Amino acid sequence: MNITHHFPILLDMVPIAAACTMLIIGKFRREWCYYWALFAISICTVMSAGLVWEVYKTGPISYVVGSWERWFGIEIYFDHISACTLLISGLGLLIIIFSKHYIAKEIDERKIPVYYSLILLNLAGMLGFVITGDLFNLFVMMEILSLSGYALVAIGEERIAQLAAFKYLVLGAVSSLSILMAIGFLYSITGSLNMHEIALYLPRAKDHIPVAIAAFALFIMGFSVKAALFPLHIWLPDAHSIAPSPVSALLSGLVVKIGICGLLRLLFIYRYVGGLINVEPVLNIIAWLAAITIVMGAFFAVFQDDIKMMLAYSTVSNIGYIFLGLCLVQSNALIGGIVHIFNHAIIKVLLFLCAGAIIYQTGCRRLSDLHGVGRKMPITMACMSIGVLSIVGIPPTNGFICKWFIAIGAMDAKKPLFAAALLFGALFIFAYYIKILNAAYFKKPRAEFEKRDEAPMTMLVPIVLLAIACLALGVGAYFPLAFIKPAAKSLLSTAIR
Amino acid sequence: MRKVVVLCSLLICYVLLLFAVVNMPSMGDPDSITIKGPPGRGAVPRYLEKGAEECGGENIITDIILNYRGYDTNGEVTVIFTALIGVLAVLNRERKKISFSDMEQSPVKHSVIVYTIVRILLPFIFIFSLYVILFGEVGPGGGFQGGTIAAAAAIIFILVFGYSYSIGKFPTSWRINFEGIAPLTFIAMGLIGLFLGKNYLTFMFPQFSHTTNLTIARSMLMIIEIAIGVGGAFIFTSIFFAMQREDRS
Amino acid sequence: MNYMQVIDKAGTNFNYVIAVTLFIIGLYTVVAKDNLIKKFMGLNIMETACFLLYISMGAVKGGKAPIWTEGLKKSTVFVNPIPQALILTGIVVAVSTTALALSLMIKIYEHCETLDAEKLKRLETE
């Protein structure tokens, strides 16, 4: 048995098996839960690294569950978009390492096995989502990650956690049902649930084109809620700021990207229908909504005092960048958008983990209480400064590369208004991050911040690794670009025109 | 004002969806593309012709959900397990003793008729759920359906006989072991296919003859169905126990 | 298509029209009603509408249930089994969302003594 051949399916089943046995392990000793989760996610990281390397060398991998064929079985299709699995399992590993001390302090100790189980289920759902090649399987995996997301937001004890989780649940459930209805429409006109087959047979359903248009609209509505595009972003600030910090990092860094991966899959399905449907106006509307999201998210972030609320609004703004990059159908902007998916995930996880370390050590979340914290926790604040510089987009960090590409793409597509929106957004982001750095370093420190008292090692190691990754990906931007350029070109060559 | 905006936008969505629905293939048409499928690659004719001999069950739907599209069912049992974990995350697990007010020990007032009927019917309900699970291959039914019936029987028991009595009959420490049984059994059965040289969740192997293959496929299907039924029953019972709250009068 | 054809098509696809109507009614309930439990009932109505759409897609005139009982010939017309398999999974997903939402409502009621969305919004900003 050649085990590397079966990596695609094991990638998804290992976290599920670990999550199901987590409660039994938690019955014996609570401390073992952390090590069990760590073990499971390390195996996943190794497997996804192997798969991404294989895809880079030889091209997409197709694996049909049950040894049937693509047209009547469920296919797992690992292509260039599925390289997200490396991002998901790598960042998941760092988040689980960070959670060891943070969760022991923050939530009720009876809920610790439940917490690790939920994190593993969320990661399993995300991994399953990006590798599947079957539409209904996409829906099931999306439900796994959505349900565990709602529960993770509600795991704290404050009353506001349950309210934020309920709002998130209602909006998320409505979007899941829209996607289910859209899958139903697509099935009724093509007779197949496999993404490749639907892409091939959709142009033949010429008499039923309005159904395909309605399905497209419902898909976009569903995925926009998941990815928090204006005006459907209202669930995000509350949910991401109330959740415990590792959970916020997971949700902001990875779960919102799932909505965008869903949209990429949607473009993949509709790629041959360009002659029949005119999607230019739809993409235009989305580009405008994205520009509004950029400016509005950054604008609201300036006036927040709570660190995590500020970071949540900044997520909204950056999602706008990604949408803008994807909707200007132009090669530089597309490359910038896809690279920003990866870079923003790394930067946002870094920022939320730093905020979590600060909250753990000082117990304060408001900027007005955190004057001079740079003296108490120098390493954490240094890494946070690197994250801040990345998100503003200053070279040589990785944030600069993607924003540069998107701006060039906007100018090339002769839409200078979008480049202006980008600039405004960057200026606002610059303003509020200067606020953070100012409060941390240059204001007079409080009495208890004079002593050096860094966060524990298990919390520092992921933060430092991520900060190094930010700098490395900024300087050595050749490697991810070499991987993403062929993917973007293939997406664009069969793109909807 | 807000209501007017909401109504207008909903009306626009309604018109768009109606416009789509009117253009869908006619309902009930035996020649439509969902029934016949794309020429030569229609999934439905293939399932109906070869389902019984390739999967071993006469109920084509059970064949589909456990064999052809088994990965989806794997995801489904994970979803229901996620729901249980989610409920446990929001509400902690139930405690050994919950004090109800002196007026009532159980949510249902004591009544001889209710007690007697429930006592007589419960064994039959459990047997019926077992029947639905085991006969899922040859008639309507299946793992999840039977498990839900068993869980409904357990919930009637808890409602009528009171929380303290039932928590003694279904102790928490014993239930924890069985909640994760459905996804784990699925993964175990799926991995068998890996060891015998084919992909995950394969039940028919080229090394064996056709009759041996049918026996293997049928028995694995049965094991998975029983596991889904038992797991589903335990999960719903645990969710119901976790939702019991102290009486605040 | 002219009006007669549209009405004729709507009559043939009547189940789909009802499914879409229920979907919009459910969406209205989620958005416009104040009580949290009513919002959740709206979600359940939307789920039922989706299931109705799927099952109606599988209907075939004169088709039998796809079970090979005794005495059925090879040439029997069956209904489409795929939507029914998809809906079995869909119902489980709907039940899971229901369980999680109800447990959240129990916790909200314990904390805030009310299930009215307007009052809860005021409590949130306090």
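Figure 1. B:L201 is buried, with 30 other C-beta atoms within 10 Å, where a residue is called buried if 20 or more other C-beta atoms lie within 10 Å of its own, exposed if 12 or fewer, and partly exposed in between, with the C-beta atoms placed from the backbone. B:L201 is found in the loop between α10 and α11 of chain B, and although B:L201 is not a glycine, its phi is positive, at about 60 degrees. Helices (DSSP runs of H or I, at least four residues) and strands (runs of E, at least two) are numbered from the N terminus. This is a predicted model, in which local features need pLDDT of at least 70 and side-chain atom pairs count only at pLDDT 80 or more, while totals for chains, interfaces and linings use all residues. Residues are numbered from 1 along each chain as its sequence is written, and chains are lettered from A and ligands numbered from 1 in the order in which they are written.

**Figure 2. B:M204 and its contacts in chain B.** B:M204 lies in the loop between α10 (181-195) and α11 (210-242) of chain B, and with 20 C-beta neighbours inside 10 Å it counts as buried. Leaving aside neighbours within four places in sequence, B:M204 is in contact with B:E54, B:N213 and B:A217, two residues being in contact if their C-beta atoms, placed from the backbone, lie within 7 Å. The C-alpha atoms of B:M204 and B:L214, which are 10 residues apart along the chain, are separated by 7.4 Å.

**Figure 3. A:L324 within the largest nonpolar core.** This core has 305 residues, and A:L324 is among those with the most contacts inside it, as are A:L120 and A:V349; a nonpolar core is a set of buried Ala, Val, Leu, Ile, Met, Phe, Trp, Tyr and Cys residues joined through C-beta atoms within 7 Å. Helix α6 (residues 159-190) of chain A gives the most to this core, with 21 residues. Apart from neighbours within four places in sequence, A:L324 is in contact with A:A287, A:A290, A:A291, A:I294, A:I406 and A:F418.

**Figure 4. The contact between chain A and chain B.** Chain A gives 53 residues to this contact and chain B gives 50 residues. On the side of chain A that touches chain B, the largest share, 10 residues, comes from α5(A). The residues of this side of chain A divide into 35 nonpolar, 13 polar and 5 charged, where Ala, Val, Leu, Ile, Met, Phe, Trp, Tyr, Cys and Pro count as nonpolar, Asp, Glu, Lys and Arg as charged, and the others, Gly among them, as polar.

**Figure 5. The contact between chain B and chain C.** Here 45 residues come from chain B and 40 residues from chain C. The largest share of the side of chain B that touches chain C, 10 residues, is supplied by α5(B), and the residues of that side divide into 31 nonpolar, 8 polar and 6 charged.

**Figure 6. C:E113, an exposed loop residue of chain C.** Chain C has 5 helices and 0 strands, and C:E113 is found in the loop between α4 (81-112) and α5 (117-125) of this chain. With 9 C-beta neighbours inside 10 Å, C:E113 counts as exposed, and its phi is positive, about 60 degrees, although it is not a glycine.
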